[in-house]
Amino acid sequence: MKLKLPNPGLDNRIPSHGDLEKMEKEEAGDRPKWDNKAQYLLTCVGFCVGLGNVWRFPYLCQSHGGGAFMIPFLILLVLEGIPLLHLEFAIGQRLRKGSVGVWRSINPHLTGVGIASMLVSFLVGMYYNTIMAWIMWYLFNSFQDPLPWSQCPLNANKTGLVEECARSSTVDYFWYRETLNTSTAIDDAGGLQWWMVLSLVAAWTLLYVCCIRGIETTGKAVYITSTLPYVVLTIFLIRGLTLKGAAEGIKFLFTPDVNELMNPATWLDAGAQVFYSFSLAFGGLISFSSYNSIHNNCEQDAVLISIINGCTSVYSATVIYSIIGFRATEKFDDCISNNILKVMNAFNYPEGNITADNYYETVAHLNTTNYDIIQGLGLAECNMQTFLSQGVEGTGLAFIVFTEAITKMPFSPLWAVLFFVMLFCLGLSTMFGNIEGVVVPLQDLGVLPRSWPKEVFCGLSCLVSFGLGLIFALRSGNYWLALFDNFAGSIPLLVIGFCEMISVIYIYGIDRFNKDIEFMIGHKPNIFWQATWRVISPLIMIFILIFYFVTQVSKSLTYLVWDQEAPGFPTLAETPFPSWIYVIIFILAGIPSLSIPLFAIFKFFQRKCCKQKDYSDNTVDTISAKIQMHDNMKY
Amino acid sequence: MLEKIILLLCCSCAVAQHLCTPDASDGYKVRLSIKTALEGQAYEWNENEMFLFRATLAFAMRNHIREQKFEVSNIIVCNETPRVSFWFVVTSPESTSVLIGKEDVEEAVRKSRNRINSAFLLTDKTLEFIGILPTLAAPVDPDTPPWLIVFGVVMGIVGAGIILLLVSSVVQKKRKNEMTDDEENCEETRVKTVENGSVGEGVYNMSFSDDERFTQM
């Protein structure tokens, strides 16, 4: 079972245990350090806990059998999430480098893994910060009463409401028209929306000011961005539980449907959610843990952060669904009242004759006696389940469903500000990890002069990402974002995660890894870690990767558009992608994944042709050359 | 004589009632939803309330057509239902068999809608004139959108932060360079004093280690 691939020269590329002790004692080396353990934990928690905990997990939980979803989620958390997290923490802490540095140290042929991480972090960062720009736009608009998404604007001659708004809803109109000004197809680019560009500028400059000096500045920022969401969630929980209908929502969320456990899609979604939720394979976690002291207990950290992440998901699901339950109840009551009014007006019954309790009997009775009139009224179908399951994931949850719920609460601007500040903090702390995953590999690769200060690297990354991210400020920007989300942030990560596991366990060597962990934390990793690292986690990852790939490839590529002419309006219409999209999809998903084998092949040929150069490179790369000895040391 | 007056009144009533019919071309249907609007404090709809309605409408007509003095008797109501809905028509004060046109009635109601609503503690939604659309309140449109103001504030703070941090790192770097320069200067002066002690002269080359200095002596 102790399979180990040949890996010559490993000892020359990595610091030995003795070197590490020396570095620790003398505090030599110019690597930045955490001010205290709390900063490190808060940064990691902030990176892991992101928007997905708020708007992806609750939806998955409810759609895959409610309380029963906890079972696959917890099982996969323990078998997949915690081992991978521990692995990334341990290897970063041991090799004391960012993602490219770590994989290059293990074996120069594996540099591609680091480069793939960097590319994925870059692509994901681009579109994630656009979501931040949207959140900022809503936040800026929350400082007014009444909220702009609670009213429809009047049409040109002031006789009625704008048609698009009247047919859909005020929140839909504000999101699709006034925020995105969305076009009807992805090829219809439209122009740049100046207010979106301004919001993007705000998002990137705010990110820059927090990341400008690396963990020196982000370490201070996380005291707020990682703790504030919990405070706001608690406030919303208290507010939500006192609203009418909250219990309905929570019941809907947690009612278990054990049959869902037989559905393989449930397990696949649970596995994917655990993987993405932990922000693994981005390279950021490896970087963060490389700033730790050498004897930091990374095992404890991994377990702690996993528990926090899992609990946050469940906690935020409760909060979200209590508010959703409130909104659904309000809509249901409105629907019933409208129907009752229609019936009362038609039959001239006195008010109070028909109430919500006897509505159904009365209508049933009237249907037998005055069938035509009842049919002519066009009574709406009021179904509580429909209202509860409307648009409850992704941007639809935050910008449509939740904003609508907020308009129905008293003191709406306050709740709107709190909600969007919470979303902003959740997203910003995740962006810290993304930027770390781009800037540090960039520095390690040596593509740009090393003498440039960190501020310039950070600024350059932010500027380039902003420039390319302007595509999301076009009228079709929303569709591009969905494309990026589906393809750049899914398959490549699974591939990288799998390669990371194989590299550490079979190329670096599980024996060496065990000894390293024993050196760092004092005891050898127990049988649980051995079993999961060697067999269970890689198998789970392979399964998820294959199933994910198969489902993506087999389903026809369509996307949802907001089209007034479509028959199902205001429901989004499903439209097929134009054919040139496949090129884009290949760039997004294929290039990061393929960079792993391509770089390995490139390095292989480079070695074969230029053998002498390689040896001299190796000697310069050793640790003793890198450690700066103090000036006062006399030989 | 008395019979004649009574007959005349009955006739006029009949004629008047004849003018007010559901779906009359110059009439409007009114619907009140008192319990929905006021819930616990809802009042009963009775003759007195109807009288108030007719009086308010006469007031609205007077406000609109200033030359004619409309009376309560000019507002004729019919077809009352338990829903609290009814039809009304407005007759001209000069001749009770002539109805005031639909457009004039609509205009009058629109002008004084607010007053009519407040007389009954109701709103446009709960006191409905079927066919007369309520004038929609235009949403408040400030000159500078409030979001630009917040954006400006945030960008100002962020910009100040960036400049502060960049300037402080440049200053820090300068200070570090100065410190290392100072250290080098210190060593040079040390060497110079030693040099002065002996006969040595010339520019001292810092690239050599201290060991050489000692061995020279």
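Chain B exposes about 14500 Å², and carbon and sulfur atoms supply 59% of that area (Shrake-Rupley method, 1.4 Å probe). The structure is a predicted model, in which local features need pLDDT of at least 70, side-chain atom pairs count only at pLDDT 80 or more, and totals for chains, interfaces and linings use all residues. Residues are numbered from 1 along each chain as its sequence is written, chains are lettered from A and ligands numbered from 1 in the order in which they are written, and side-chain values use heavy atoms, leaving out hydrogens and water.

Of the 217 residues in chain B, 31% are buried (under 20% relative accessible area with a 1.4 Å probe, counting protein chains only). Among the contacts in chain B with a separation of 6 or more, 58% join residues 24 or more positions apart (a contact being heavy atoms within 4.5 Å).

Turning to the fold, chain B has seven helices and four strands (DSSP runs of H or I with at least four residues, and of E with at least two, numbered from the N terminus). Along the sequence they follow the pattern α-β-α-α-β-β-α-α-β-α-α.

The four strands of chain B form an open sheet in the order E2-E3-E1-E4, with antiparallel pairing (pairing requires at least two DSSP bridges between two strands). Strands E2 (75–81) and E4 (127–130) of chain B each have a single partner strand, so one side of each is left without a neighbour in the sheet. From one strand to the next, the twist averages 25°. Strand E1 (residues 28–32) of chain B pairs with E4(B) over four bridges in the antiparallel sense, and B:Leu32 stands opposite B:Leu127 in E4(B).

Methods
Buried < 20%, exposed > 50% of the residue type's maximum accessible area, 1.4 Å probe, protein only. Axes fitted to C-alpha atoms, helices over the stretch in contact; angles between N-to-C directions.
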